[in-house]
Amino acid sequence: MRLMLPRPLKLCTQFTYIRITMTFKLVLLRHGEGAWNKENRFCSWVDQKLTPNGIKEAQTCGKLLKEAGFEFDLVFTSILSRSIQTAWLVLHEMGQEWVQTESSWRLNERHYGALIGLNRAELALSHGEAKVKLWRRGYDITPPPIDESHPYFYEIYNDRRYNYCDVLKNNLPKTESLKEVLDRMLPYWNDVIVPEVKKGKCILISAHGNSTRALLKHLEGIPDDEIIKLTVPTGVPVLLELDENLHPVKLHEFLGDQQAIQAAIEKQDSLLHNQAAC
């Protein structure tokens, strides 16, 4: 009798590779309302504190971020008081006053050159609304530069905060387009902020309308002719979720009451047509 042995089983092992993609959260914030925002004037590099309404906006933002469970590891600001004051108020409301804060001129508001201090409505009457809108919102349009005859020239360039920049004071801008804002901000973004983001740190950037718009343009690839349409309200946090290559997982999101945010955007856009503050 022949003994029949069972045929060996052929085992086939199938491996499923699961790619775990890292995502990073970044919160951008335009400072609360400043004094010259309210007065419809080009503020730019003139140092201004927040209005009572701007203080309230920053406090409300802090409460919102706390309720949403954000725990920041690092905060970046410009070297202008309204940006720093906003960050302080936000962190205070969150009970995170101890979080490290770093400041750089490269996150400053756009330098509006000779337009600084001027009333937008009056400027529109003398130069035309279309021209002023291009100066304000166009991507590569540069206003006339500031010079020593300007009433705020020495207030800006004699300010000792600019003694500690990574460029000589004489090489600081005298006017800027939004493109030039992005150009001077990118080295700081790439060399200082990006490494911290890639460590998985939760980061808040408390800056300005144009520095925020410039960074959103860079990260989301917003076309040059479309960036003019992007409005960032004061005191409203903007959430960006980025993949491991720092590409957006989805479009930016304004956090908070969406109806109130939309009303703030519409109000600002309606003021834009009347050359009011941005």
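Which residues does P195 touch, not counting residues up to four places away in sequence? The structure is a predicted model, in which local features need pLDDT of at least 70 and side-chain atom pairs count only at pLDDT 80 or more, while totals for chains, interfaces and linings use all residues. Residues are numbered from 1 along each chain as its sequence is written, and side-chain values use heavy atoms, with hydrogens and water left out.

P195 lies in helix α7 (residues 178–198); helices (H or I, at least four residues) and strands (E, at least two) are DSSP runs, numbered from the N terminus. With residues up to four places away in sequence not counted, P195 touches W189 and N190, contact meaning heavy atoms within 4.5 Å. The relative accessibility of P195 is 34%, so this residue counts as partly exposed (buried means under 20% relative accessible area, exposed over 50%, partly exposed in between; 1.4 Å probe, protein chains only).

The largest nonpolar core comprises 36 residues. Such a core is a set of buried Ala, Val, Leu, Ile, Met, Phe, Trp, Tyr and Cys residues joined through side-chain atoms within 4.5 Å. The residues with the most contacts inside the largest core are L26, L28, F76, W189, I193, I203 and I205. At least two of its residues come from each of β1 (24–30), β2 (74–77), α7, β4 (203–207), α8 (209–220), β5 (237–242) and α9 (258–273), and α7 gives the most, with ten residues. Not counting residues up to four places away in sequence, I205 touches L26, V27, L28, L29, F76, L107, W189, I193 and L215. A second, separate core has 23 residues, among them F42, L123, W135 and Y157.

In helix α5 (residues 129–137), the buried residues are V132, W135, R136 and R137. These residues are on the same side of α5 because they cover an arc of only 165° around the axis, the arc being that of the directions from the helix axis to the C-beta atoms.

H208 is placed in the loop between β4 and α8 and is buried, with a relative accessible area of 0%. Apart from neighbours within four places in sequence, H208 is in contact with L29, R30, H31, S78, L80, R82, S83, L107, N108 and E109.

Helix α8 is mostly covered, eleven of its twelve residues being buried. The buried residues of α8 pack against β1, α5, α7, β4 and β5. The end C-alpha atoms of α8 are 16 Å apart, in agreement with the 16 Å that its twelve residues should span at 1.5 Å a residue; the expected span is 1.5 Å times one less than the number of residues. G221, whose phi is positive, near 65°, follows α8.
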